[in-house]
Amino acid sequence: MAHHTISVTVNGGKEVLDVPSDMTLLEMLREKLALTGTKNGCEAGECGACTVLVDREPVNSCMMLAVEANGREITTVEGLAQDGQLHALQQAFIDHNAVQCGFCTPGMLISAHALLERNPHPAEEEIRAALVGNLCRCTGYLRIIEAVQTAAIQVAAEHGTLSASKEGDVSLPFTAEGEA
Amino acid sequence: MTVSEGTFTSQPVGKSVPRVDVYEKVIGSAVFVDDMQFGPGLYYARLVRSPYAHARIKAVDVRKALEVPGVKAAVTGRDINTRIGLYLVDRPIFPIDRVRVVGEPVAGVVASSQEVAERAARLVEVEYEELPAVFDPVEAAQPDAPLLHPDMAQYEVANFIFPQPGTNISEHFKLRKGDVTSAWPRCAAIVEGTFRLPNIQHVPIEPHAAVALWEPSRMKGSGAAPSGEVTLWTCSQSPFAQRDLIAQSMGIPHGNLRVISPYVGGGFGGKAGVSMEVYAVALARAVQGHPVKLRMTREEEFVGTTVRQALVAQTKIGCDAEGNLLAMETRYYFSGGAYNDYGVNIARAAGYSCTGPYDIPNVKGDSYCVYTNVPIGSAMRGFGMPEIHWGIEQIMDQLAEKIAGKLPIPMDPAEFRRRNCVKTGDTILTGMEMPATDLVACIDKVTEAIDWDRREAASAPHKKRGKGIAIMWKAPAMPPNPGSSALVRFNEDATVNVEIGAQELGQGAFTVAAQVAAQALGVPYEWVRVSAPVDTKYSPYEWQTVASRITWSTGNAVKAAAEDARQQILEIVAEHWGEDPQDLDIKDGKVISYRSEEEQPLQNMVVYGLPNEGFEGWKGGPIVGRGTFMPTYVSNLDPETGQGTRAVVHYTVGAQAVELEVDTETGQVEVLKIASAYDVGKAINPDLIMTQIEGGAVHGMSSAFEGLQFDERGRPLNPNLVDYRILNAADVPREIHGDYVETPLEDGPWGARGVGEHVMVQTAPAIANAINDALGIRFNDLPLSAEKIYLGLAGVMNCE
């Protein structure tokens with residue numbers, strides 16, 4: 001098997017890697033860089049557990065060859081939190097109890113992140129449509145959809161683009177009764 | 001973070017505290033088996049699978065495979081000729097004489113890379129002679145059916161399972177109560193039907209993976225460990241059961257086999273017991289000193305692990321002129337697949353709960369598990385209950401409809417269920433007394449939430465709208481004596497490690513264990529962590545994380561361990577203060593005296609003890625609390641009647657109502673709302689219960705539209721996520737309403753009982769009842785495909 005030297009940016013860091021021609025981007029992330037947050041659920045582009053951003057677009061990393069990533073920017077779930085601060089989506093997934101087994105969560109977060117990057121004010125239908133490629137067997141999806149709505153407001157507020165009425169539309173079903 | 005920072009939750013039981021595992025799951029650091037790093041010495045395995053549903057194996061030749069550079073070993077039934085099983089030891093690791101299902105492994109290959117292993121596996125030559133196969137469980141139960149297990153009489157079997165050698169029947173459970181023959185003439189309405197469910201698969205998003213390392217035997221004469229030390233890393237609901245079954249099957253002393261299970265990426269029963277894990281061990285034995293990784297592809301996950309059994313149910317139920325249920329006769333034929341080592345207990349559970357949640361005085365039930373040439377049927381969320389409720393809950397609607405016209409009082413499907421459902425203290429079908437539960441309250445909650453008496457107009461002229469209801473019961477189905485144990489230890493800063501052998505599959509077991517320990521100890525929830533991964537070498541024993549038994553059984557063990565630790569602490573401090581332990585309490589991590597109003601923080605003293613006055617010696621020392629729980633009151637049942645003093649530990653009951661629309665032009669069903677309510681005994685973590693209810697409602701809804709398909713020779717047609725669709729984010733209802741009632745369970749921690757499996761049991765029949773409400777058409781067979789509904793609407797298909 002021929003090998004190739006590629007240069008990629010992964011979560012902001014430059015990497016130069018020697019990869020076989022048939023290695024997928026998913027295998028490269030998991031086996032070459034030990035970035036195992038990105039999951040392998042089907043190796044057929046059907047479940048979305050391996051979703052990463054390639055130049056800010058969500059991609060099933062099991063369906064892309066590592067050599068095709070040459071010169072590109074990759075973001076995985078490990079790159080979502082910045083400076084020790086959780087991304088608004090990660091915090092919203094926690095606050096809404098939108099995580100159970102956690103195996104689909106990294107891909108879900110990345111697909112949702114891609115959505116908010118291109119559409120900061122998604123309607124519920126748009127969130128559902130953006131997540132159809134990410135299968136979850138535990139949660140029933142509703143809390144994931146709600147978490148994305150909450151994060152959208154948070155992200156918009158951080159960018160100062162939030163309208164007051166929009167904020168009032170969203171309810172938080174998770175009440176932290178436990179906090180004292 | 002030190003314990004003084006951040007949130008501080010005292011008395012966490014009953015509060016919706018955040019999950020203990022959620023942070024690592026959102027940052028991508030939570031470790032699953034496939035994420036573990038084994039270094040360059042790791043080898044990869046691939047299984048060679050049968051293309052035939054039923055065939056004699058004439059020869060297996062691995063020579064060409066062994067010639068491939070990089071191949072390290074090939075293993076067949078000649079190298080390891082043994083069987084494995086939990087209730088019925090019927091499954092050869094690699095068969096030597098015959099294969100019984102398409103995809104059955106006949107050999108395994110180990111190589112230095114995945115690619116080489118795959119290439120070599122294709123070079124293994126197997127000569128088969130095809131045999132007649134049987135796929136339908138009713139046909140397979142007939143005396144003239146092709147026999148799958150001629151050696152059944154020699155299989156080891158649990159003493160509450162009744163196989164019938166010489167047939168394909170691996171279990172026949174008989175339930176006899178009252179006298180159905182004399183009851184039928186007294187019935188004013190009788191409904192009878194045959195209901196069919198196809199095989200479905202669990203579809204965890206994490207496929208099965210296992211890594212095994214067989215370290216070489218010590219030199220002769222060194223004494224211990226003649227078999228070598230074996231470590232197995234698995235995604236498992238049952239690390240201890242895996243240790244027990246694999247140790248027995250392969251002749252490894254239990255102490256030499258260590259099973260380590262990190263987080264499980266969804267189980268739903270599919271990761272209970274042993275499925276593919278044993279192959280990793282068998283192959284690792286051939287390449288000692290190297291870890292061997294075996295990982296299922298998605299296709300193998302569908303047909304090479306386990307599936308939910310298909311069922312044919314022939315059921316007849318009757319009620320008297322007042323609408324009281326009088327008699328039921330039912331035959332359940334579970335399609336157990338090629339091996340029934342776990343499936344026999346599903347048929348048994350379906351037998352002793354065969355009436356569903358109803359009080360019926362005369363019952364004749366026969367529940368069969370039958371060998372068929374299809375994938376291995378095993379545990380799946382609900383364990384026989386979704387299967388039997390599919391028919392029962394449709395018949396109840398039909399009975400209510402039939403009798404309603406004859407009664408002076410209104411008797412709609414909800415009222416019919418209120419009248420007939422099982423209630424506290426009823427003598428249920430097995431003769432045991434129904435423990436305290438409130439199913440009527442659950443029915444009331446869901447009918448209110450769905451606005452049961454109101455019928456809205458459909459959203460478009462070509463759509464029809466309907467509502468449906470269904471109720472359920474389920475008992476944990478397990479041997480009579482499954483045990484749990486727990487340890488509670490402290491760190492110097494008084495933070496707590498809870499050690500359990502129960503597994504976190506996403507259901508929240510670790511969170512509940514932390515809440516229980518914090519509450520029973522008197523420390524804040526945030527001080528408690530649960531030691532992971534589960535490791536049979538260090539974790540206290542747990543039977544299996546199945547049967548919705550962990551909150552109850554492990555919860556009891558953790559509570560006992562925490563109470564034990566608490567008592568040790570109180571005795572040390574009482575001695576220190578010269579007081580009576582009974583006047584002391586632990587609150588928010590401090591020992592306090594109600595008499596002297598003294599205070600003693602737990603920090604340090606839980607490890608170092610306390611000094612006597614003037615440091616003239618010390619008292620106490622490291623605190624270790626231990627707790628165990630095992631039900632001791634379950635009896636075996638009479639093999640001829642299914643009667644006994646106590647068939648099960650308890651039942652959880654619940655109700656669901658759905659509202660939906662059917663598109664009459666396409667046959668497509670849109671579920672608009674699902675309302676659910678269960679009697680949980682005590683909500684230890686209310687929001688976690690809601691997450692189970694919501695996820696389960698969607699799982700149940702999905703199951704109504706799923707089905708594995710096979711061609712006429714038993715070859716799978718749709719083993720992938722495109723052709724076998726599970727619900728996605730666009731499919732799910734806009735609203736899932738969850739609720740619960742709390743009738744305490746006598747022996748549950750604070751009264752709690754499990755609810756993880758129950759939440760999907762009755763969803764499919766609730767949907768079928770709503771479709772009937774919308775269209776006036778009944779569908780007896782799952783899945784409820786758009787095609788089937790369209791043909792039903794066109795009058796092409798005879799639906800009954």
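Predicted model: local features only at pLDDT ≥ 70, side-chain atom pairs only at ≥ 80, totals over all residues.
**View 1. Strands E20 and E21 of chain B pair side by side.** Strand E20 (residues 496–500) of chain B runs parallel to E21(B), and 3 bridges connect them. Look for Val498(B), whose bridge partner in E21(B) is Val530(B).

**View 2. An open sheet of 4 strands in chain B.** Stepping back, we find the order E21-E20-E19-E28 (chain B), with mixed pairing. Strand E21 (528–530) and strand E28 (624–629) of chain B each have a single partner strand and stand at the edges, so one side of each is left without a neighbour in the sheet. From one strand to the next, the twist averages 20°.

**View 3. Two helices lie across the strands of chain B.** Helix H13 (residues 509–521) of chain B lies across strand E19 (484–490), E20 and E21 of chain B, and runs at about 140° to E21(B). Helix H14 (residues 550–577) of chain B lies across E19, E20 and E28 of chain B, running at about 150° to E28(B).

**View 4. A hairpin in chain A.** Here strand E1 (residues 3–10) of chain A meets strand E2 (residues 13–20) of chain A in antiparallel fashion, joined by 8 bridges. Val8(A) stands opposite Glu15(A) in E2(A). The hairpin has 2 residues between E1(A) and E2(A), and Asn11(A) in the turn has a positive phi of about 50°.

**View 5. E1(A) also pairs with E5(A).** Strand E5 (residues 73–75) of chain A runs parallel to E1(A), with 2 bridges joining them. Val10(A) finds its bridge partner in Ile74(A) of E5(A).

Key:
Residues numbered from 1 in each chain as written. Chains lettered and ligands numbered in written order. Heavy atoms only, no water. Pairing = 2+ DSSP bridges. Axes fitted to C-alpha atoms, helices over the stretch in contact; angles between N-to-C directions. Contact = heavy atoms within 4.5 Å.
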